[in-house]
Amino acid sequence: MSSSRVGLRLAACLLNISEARRKYIVENIAKAALLDKNGKKHPQVSVLNIFSDQDYNRSVITTAASVDKLGSSVLAACLEAFQAIDMEVQEGIHPCLGAVDLVPIYPLSGVTVEE
């Protein structure tokens, strides 16, 4: 199923990571979502928003991408988070399960929840 307006099948991911106090780490994780294996920018991936809460020491990185690119984009961001966030020293008032806590994906256009 494709969108009649733009022909793209789009979805979004609100990646929850256990870091907010070191902005450069959050930005590097967001940048990882934008790059392909060769270090070039995915033309079909965008970071829409980064929300960071200092007290919780958590950030939500919202990315949108074509369905075909979203999985590899989110995986790249998760791998960067796992490498950059040391859970042995992580502190915050929000309980966390790991460097990446939650990976919700939402349909935006031309794709269903089931897909």
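This is a working chat about a predicted model.

User: What does UniProt place at residues 9-115?

Analyst: The record gives "domain: Formiminotransferase N-terminal subdomain" there, from an unreviewed entry.

User: How much helix and strand over that stretch?

Analyst: Residues 9-115 are 28% helix and 32% strand.

User: Is Cys13 buried or exposed?

Analyst: Buried, with a relative accessible area of 0%. Cys78 is buried as well, at 10%.

User: Salt bridges next. How many in the whole structure?

Analyst: Three.

User: What does Arg22 pair with?

Analyst: Glu19. Their side chains meet at 2.8 Å, N to O.

User: Which residue does Glu27 bridge to?

Analyst: Lys23. The N to O distance is 3.8 Å. A salt bridge here needs that nitrogen within 4 Å of the carboxyl oxygen, so the pair counts.

User: Where do Glu27 and Lys23 lie?

Analyst: Both are in helix H1, residues 23-34. They are four residues apart, about one turn of the helix.

User: How accessible is each?

Analyst: Lys23 is exposed, with a relative accessible area of 59%. Glu27 is partly exposed, with 32%.

User: What about Asp101, which residue does its side chain meet?

Analyst: The side chain of Arg58, in a salt bridge of 2.2 Å, N to O. The pair links distant parts of the chain, 43 residues apart.

User: Which strands are they in?

Analyst: Asp101 is in strand S4, residues 100-102. Arg58 is in strand S3, residues 58-66.

User: Buried or exposed, that pair?

Analyst: Asp101 is buried at 16% relative accessibility. Arg58 is also buried, at 11%.

User: Is Asn57 buried or exposed?

Analyst: Buried, at 5% relative accessibility.

User: Now the surface. Which residues make the nonpolar patch?

Analyst: Leu75, Leu79 and Phe82. The patch covers about 310 Å².

User: Where is Phe82?

Analyst: In helix H2, residues 67-84. Phe82 is partly exposed, with a relative accessible area of 48%.

User: And where is Ala84?

Analyst: Ala84 is in helix H2 as well. Ala84 is partly exposed, with a relative accessible area of 25%.

User: What does Ala84 touch, leaving out residues up to four places away in sequence?

Analyst: Arg22 and Ile25. That is the Arg22 whose side chain meets Glu19 in a salt bridge.

User: How far is Ala84 from Ala99?

Analyst: The C-alpha atoms are 8.5 Å apart. In sequence the two residues are 15 apart.

User: Last one, Ser46. Where does it sit?

Analyst: In strand S2, residues 45-53. Ser46 is partly exposed, with a relative accessible area of 35%.

User: Which residues does Ser46 touch, again leaving out those up to four places away?

Analyst: Leu34, Thr62, Thr63 and Ala64.

User: And how far from Ser46 to Lys31?

Analyst: The C-alpha atoms are separated by 9.7 Å. Along the chain, Ser46 and Lys31 are 15 residues apart.

Conventions
Residues numbered from 1 in each chain as written. Predicted model: local features only at pLDDT ≥ 70, side-chain atom pairs only at ≥ 80, totals over all residues. Heavy atoms only, no water. Buried < 20%, exposed > 50% of the residue type's maximum accessible area, 1.4 Å probe, protein only. UniProt positions renumbered as here; feature names shortened; annotations may be inferred. Helix = DSSP H or I, 4+ residues; strand = E, 2+ residues; numbered from the N terminus. Patch = residues over 30% accessible without salt bridge, like charges linked within 9 Å, V, L, I, M, F, W, Y side chains within 5 Å. Areas by Shrake-Rupley, 256 points an atom, 1.4 Å probe, with all protein chains shown as cover. Contact = heavy atoms within 4.5 Å.
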